[in-house]
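Keep it short and grouped by topic.

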Amino acid sequence: MNKIQINNITLAYERFGVGKPLMLIHGFPLDHTIWNDTASLLKNNFDLILPDLRGFGQSITVETPYTMSDMADDLAALLDHLKVDKVALAGHSMGGYVALAFAQKYPQRVSGLGLIASQAVADSPEGKAKRYQTAADVAQTGVCAVAEAMTPKLSADARVQALVRVLIEKQTQSAVVGALKAMAERQDLHSHLSSVTFPVVLIHGDADVLISIERAQEIGTALPSAQLIKLQGAGHMPMIEFPTETADGLRLLAS
Ligand code: MLT
């Protein structure tokens with residue numbers, strides 16, 4: 001992977017393909033490889049940029065607390081490095097939270113937004129408390145605590161579960177704890193999203209038990225120009241479970 005030093009961290013990324021720039025942002029606690037199948041379907045449509053968010057995959061982070069906004073700044077610094085002014089962003093779950101933070105902070109740099117199995121609302125007080133509890137568990141017992149609890153909820157497909165579990169177990173304790181705290185403290189961007197002018201595509205499985213499809217439907221109600229692609233039978237990992245349909249949805253951001 002390519003690596004750059006920015007914002008006091010090492011950020012790793014892949015870049016390939018031809019066309020309009022599209023950044024594919026992975027979710028928690030994963031890395032850019034979740035996009036492998038979808039990216040190979042999109043490489044003739046887009047100049048694809050696939051970062052590993054700070055701490056994940058081959059990116060390295062600091063132990064101090066950071067926010068979704070800091071993660072968005074990492075992506076802005078990566079785009080500066082690549083001399084890309086404007087980009088379409090497609091974020092999976094937590095990657096969607098980062099994409100939303102980026103869109104709020106750098107709206108002039110966004111040509112379109114794809115939210116895949118994601119949401120714009122913040123955590124409830126109970127959800128936030130649960131994140132801190134999970135962060136404490138991970139700090140004490142390691143990433144296996146999250147791998148164990150999350151894997152069955154990501155997909156009903158045993159092949160996808162096996163693949164994703166291996167990926168989660170590769171991630172570091174500090175990345176998982178840092179991201180859990182950043183997610184707990186994220187802003188509610190639902191009202192911000194309802195005022196955006198760039199194209200928005202929502203790709204969501206109706207069998208997602210981690211983030212219900214209702215969260216995408218709420219965005220669709222607030223922003224009627226958003227296109228909701230409902231994937232029947234898909235869980236929380238549409239880019240692995242339904243790569244063709246996910247790629248078709250993201251091509252809507254090519255124009
Ligand atoms: C993710 O897949 O990125 C996470 O499940 C998001 C979350 O926990 O809110």
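A pocket is an open set of grid points where a 1.4 Å probe fits, with protein on both sides within 12 Å along at least five of seven lines. A molecule sits in such a pocket if more than half of its atoms lie within 2 Å of the pocket's grid points. Here, the space taken by the ligand is the largest pocket. The model is a predicted one.

**Ligand site**

- F28 takes part through its backbone, where a polar atom is 2.8 Å from an oxygen atom of the ligand.
- S93 uses its side chain instead, with an N or O atom 2.8 Å from a ligand oxygen.
- H236 also has a polar side-chain atom 2.8 Å from an oxygen atom of the ligand.
- The protein covers 92% of the 260 Å² of accessible area that the ligand has on its own.

- S93 lies in the loop between β5 (87-92) and α3 (94-105).
- S93 is buried because its relative accessible area is 8%, and buried means under 20%.
- The phi of S93 is near 50°, a positive value in a residue other than glycine.
- Most residues other than glycine have a negative phi.
- From M150 to I34 the C-alpha distance is 15 Å, across 116 residues of sequence.
- Most peptide bonds are trans.
- P29 itself sits in the loop between β3 (20-25) and α1 (36-42).

- H92 is part of strand β5.
- Is H92 buried or exposed? H92 counts as buried, because its relative accessibility is 1%.
- H92 and G27 are 65 residues apart along the chain, yet their C-alpha atoms are separated by 5.0 Å.

- A117 lies in the loop between β6 (110-116) and α4.
- A117 has a positive phi of about 50° although it is not a glycine.
- At 0% relative accessibility, A117 counts as buried.

**The loop between α7 and α8**

- R186 is found in the loop between α7 and α8.
- Why does R186 count as buried? The relative accessibility of R186 is 8%, and the cut-off for buried is under 20%.
- Which backbone oxygen does the side chain of R186 reach at 2.9 Å? The oxygen belongs to V121.
- The R186 side chain also reaches the backbone oxygen of M183, at 3.0 Å.
- L189 is buried, because its relative accessibility is 6%.

**The loop between α4 and α5**

- G142 lies in the loop between α4 (125-141) and α5 (144-154).
- With a relative accessible area of 9%, G142 is buried.
- How far apart in space are G142 and V196, C-alpha to C-alpha? They are 39 Å apart, at a sequence separation of 54 residues.

Methods: Residues numbered from 1 in each chain as written. Predicted model: local features only at pLDDT ≥ 70, side-chain atom pairs only at ≥ 80, totals over all residues. Heavy atoms only, no water. Polar contact = N/O pair within 3.5 Å; in protein donor to acceptor, adjacent residues only side chain to side chain. Areas by Shrake-Rupley, 256 points an atom, 1.4 Å probe, with all protein chains shown as cover. 1 Å grid on protein atoms, 1.4 Å probe; cavity = no way out; pocket = protein on both sides within 12 Å on 5 of 7 lines; lining within 4 Å. Buried < 20%, exposed > 50% of the residue type's maximum accessible area, 1.4 Å probe, protein only. Helix = DSSP H or I, 4+ residues; strand = E, 2+ residues; numbered from the N terminus.
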